[in-house]
Amino acid sequence: MAGKEHAELTRQSETKNGRTAIIEAAESLFAEYGLHGASFRQISEAANQKNASAIQYHFGSRDQLVEAVFENRMRYVNPKRLAMLEEVQPTGGTGEARALVSTWVWPLAEELRPREEGNHYVQFMARATREKQLVIQLAPADLMTGWFLAADRLKQLMTHLPEQVIRTRLLAASDQCVNCLAAFEAEQAGASPDFELQVETLIDMITAGLMAPMSEASERAMKKKGGRRKQS
């Protein structure tokens, strides 16, 4: 890269700053068009970056830009989760489970509060989940520690269930958390007087789904699965 071009990019990065402007533009456009649907040109234009090389200069690749979008928000979300986890008492049962689910939901729900650049992060997460299967595999691991710690504690409260059922419910609960909050975000629910009720209702639903006993239908399906294994 020529010295003049490098100096211009450095100057841009010191304005909004340019790097932050790109991250915020990418968050919005990735949420709308997908991780591969938004072009670098679109992102650069949305970020008011005149130089087409700005994204490569700041991030190097699309994957690194995606990771930067996660990091931009999760560096605030994860510490909130960890702080909430410290307050959850190990009482056992549904009360503790609901408190643990709250540590999943509320720090992310706070990202729906109205802000100047708009609210797109949870919709970005939902889009990333659809395209890459698991958002927890995309986000930097050191910024997901609160999520994993809560999941581990929830597993300890679900010992009345088979291991496979626990895994399935936790994955489904993860998707429910992200996708429901993404829908709330798209509706700009963060500015609604009903927002707290919506979030607490979501926590109720996730907790109930995780902790419920197996139905007779699920137990029959489990037995059929075991029978097929013995025949194979």
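The model is predicted: local features need pLDDT of at least 70, side-chain atom pairs count only at pLDDT 80 or more, and totals for chains, interfaces and linings use all residues. Residues are numbered from 1 along each chain as its sequence is written, and side-chain values use heavy atoms, with hydrogens and water left out.

**Fold**
- The protein has twelve helices and zero strands. Helices (H or I, at least four residues) and strands (E, at least two) are DSSP runs, numbered from the N terminus.
- Of the 232 residues, 43% count as buried. Buried means under 20% relative accessible area, exposed over 50%, partly exposed in between (1.4 Å probe, protein chains only).
- Take contacts in the protein between residues at least 6 apart in sequence: 74% of them join residues at least 24 apart. Contact means heavy atoms within 4.5 Å.

**Nonpolar core**
- A nonpolar core is a set of buried Ala, Val, Leu, Ile, Met, Phe, Trp, Tyr and Cys residues joined through side-chain atoms within 4.5 Å.
- The largest one holds 67 residues, and Phe 30, Ile 43, Val 105 and Phe 124 touch the most other members.
- Elements giving two or more residues to this core include helix 2 (18-33), helix 5 (62-87), helix 6 (93-109) and helix 10 (163-186).
- Helix 10 gives the most to this core, with nine residues.
- Leaving aside residues up to four places away in sequence, Val 105 touches Cys 177, Leu 181, Val 199, Leu 202, Ile 203 and Ile 206.

**Helix 2 with helix 5**
- These helices pack at about 95°, with axes 9 Å apart. Axes are lines fitted to C-alpha atoms, for helices over the stretch in contact, and angles run from 0 to 180 degrees between N-to-C directions.
- Helix 2 and helix 5 are therefore roughly perpendicular. Angles under 35 degrees count as roughly parallel, over 145 as roughly antiparallel, 65 to 115 as roughly perpendicular and the rest as oblique.
- Helix 2 contributes residues including Ile 22, Ala 26 and Phe 30; helix 5 contributes residues including Leu 65, Val 69 and Arg 73.
- This contact has eight nonpolar, one polar and five charged residues. Ala, Val, Leu, Ile, Met, Phe, Trp, Tyr, Cys and Pro count as nonpolar, Asp, Glu, Lys and Arg as charged, and the others, Gly among them, as polar.

**Helix 9 with helix 10**
- The packing angle is about 140°, and the axes lie 11 Å apart. That makes helix 9 oblique to helix 10.
- Trp 147, Ala 151, Leu 154 and Lys 155 of helix 9 meet Ile 166, Leu 170, Ser 174 and Cys 177 of helix 10.
- By class, the contact of helix 9 with helix 10 has six nonpolar residues, one polar and one charged.
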